[in-house]
Amino acid sequence: MTTTPLREGSSEAPPQAAGGSRFAASTARIPASAGVGFKHAHLDAILSDPGPVGFLEVHAENYMGDGGFPHRALERVRRDFPLSLHGVCMSIGGPRPLSADHLDRFRALVERYEPALVSEHLAWSTHDEVFMNDLLPLPYTEETLGHVCAHVERMQDHIGRRILLENPSTYVVFDNSTMSETDFLREIVRRTGCGLLLDVNNVFVSATNHGFSPMSYLVDYPMEHVGEIHLAGHAVQEDDEGDPLLIDSHDAPVADAVWDLFSVVVRQCGPVPTLVEWDSDLPDWPVLRAEAEAADRILDEAARTFMMGKSHATGS
Ligand SMILES: [Fe+2]
């Protein structure tokens, strides 16, 4: 397991946005190693055979009830692992004010579990009083930028923590977008002081679906603000014209092309806490553990390459 470089959530100099952030990172430490999404079915296996897993991530909305087995399970693993709290229903990209109730429930989880990382999506999922079970894309315009930045600031103010914002996987683009996704993210960071969660699988899915190069996206992506990386499997389908259509399904091993992109990213920006997401068609623990091992091997290699590059650069 990679144990040295510590990033966002570390007590050792977490990365800051260009203008700095007035929100403290957690005092909890998180290693720049592999983590996995915590599923209750894996509880006993994770505790007895964690392998290289250095942290766990949970979806905040699964723990917004008062008690019961979910909280008992999370309290147990929290004793052994740093935690990343990942929101999926805040609807940061929606035009309406964020739900005060949802913000209160989210803050209660932050206070109860003291996660090292907190993240949400660049997406929307509510319309009027309806909550949809999807992370929907938004046009990248000055108007939506204003909504997103106001919502990121509202969330950070309410929970008292800096958040990481995740790039989406998308299946449509909007004619009225006036800026690229990477410029949109860069401007959110500049205005709000939030950090970024780079989902490499989402980049590959969107690039394939829209016919652009994932490398060109990554070259333009503001890597200096990345506090966490996501990896996941996707489903391969065809659209009505017979062109490849990738679905961000989180139900399969990470694809070879995504491993290759991940390797390029961490060689460039150094090791970062990296989560393997697997949310449906759950495998037995050894399969998910092997995915974490694969991520950890690449992080270890990146740590060596990155440190070597730094020592060459400084002449030490
Ligand atoms: Fe993700």
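Which residues touch the most other members of the largest nonpolar core? Before I answer, two remarks on the model. Residues are numbered from 1 along each chain as its sequence is written. The model is predicted: local features need pLDDT of at least 70, side-chain atom pairs count only at pLDDT 80 or more, and totals for chains, interfaces and linings use all residues.

A nonpolar core here is a set of buried Ala, Val, Leu, Ile, Met, Phe, Trp, Tyr and Cys residues joined through C-beta atoms within 7 Å. Buried means 20 or more other C-beta atoms within 10 Å of a residue's own, exposed means 12 or fewer, and partly exposed lies in between, with C-beta atoms placed from the backbone. The largest core has 76 residues, and those touching the most other members are Leu165, Val200, Leu231, Phe262, Val265 and Val276. Helix α9, residues 285-314, gives the most to this core, with eight residues. Helices (H or I, at least four residues) and strands (E, at least two) are DSSP runs, numbered from the N terminus.

Let me turn to helix α3, residues 100-113. Its buried residues include His102, Phe106 and Leu109. They cover an arc of only 55° around the axis, which puts them on the same side of α3; the arc is that of the directions from the helix axis to the C-beta atoms. The buried residues of α3 pack against β3 (83-86) and α4 (142-159), contact being C-beta atoms, placed from the backbone, within 7 Å. The face turned away from the buried side carries exposed Ala100, Asp101, Asp104 and Glu111. Just after α3, Glu114 has a positive phi of about 45°.

Conventions
Contact = placed C-beta atoms within 7 Å.
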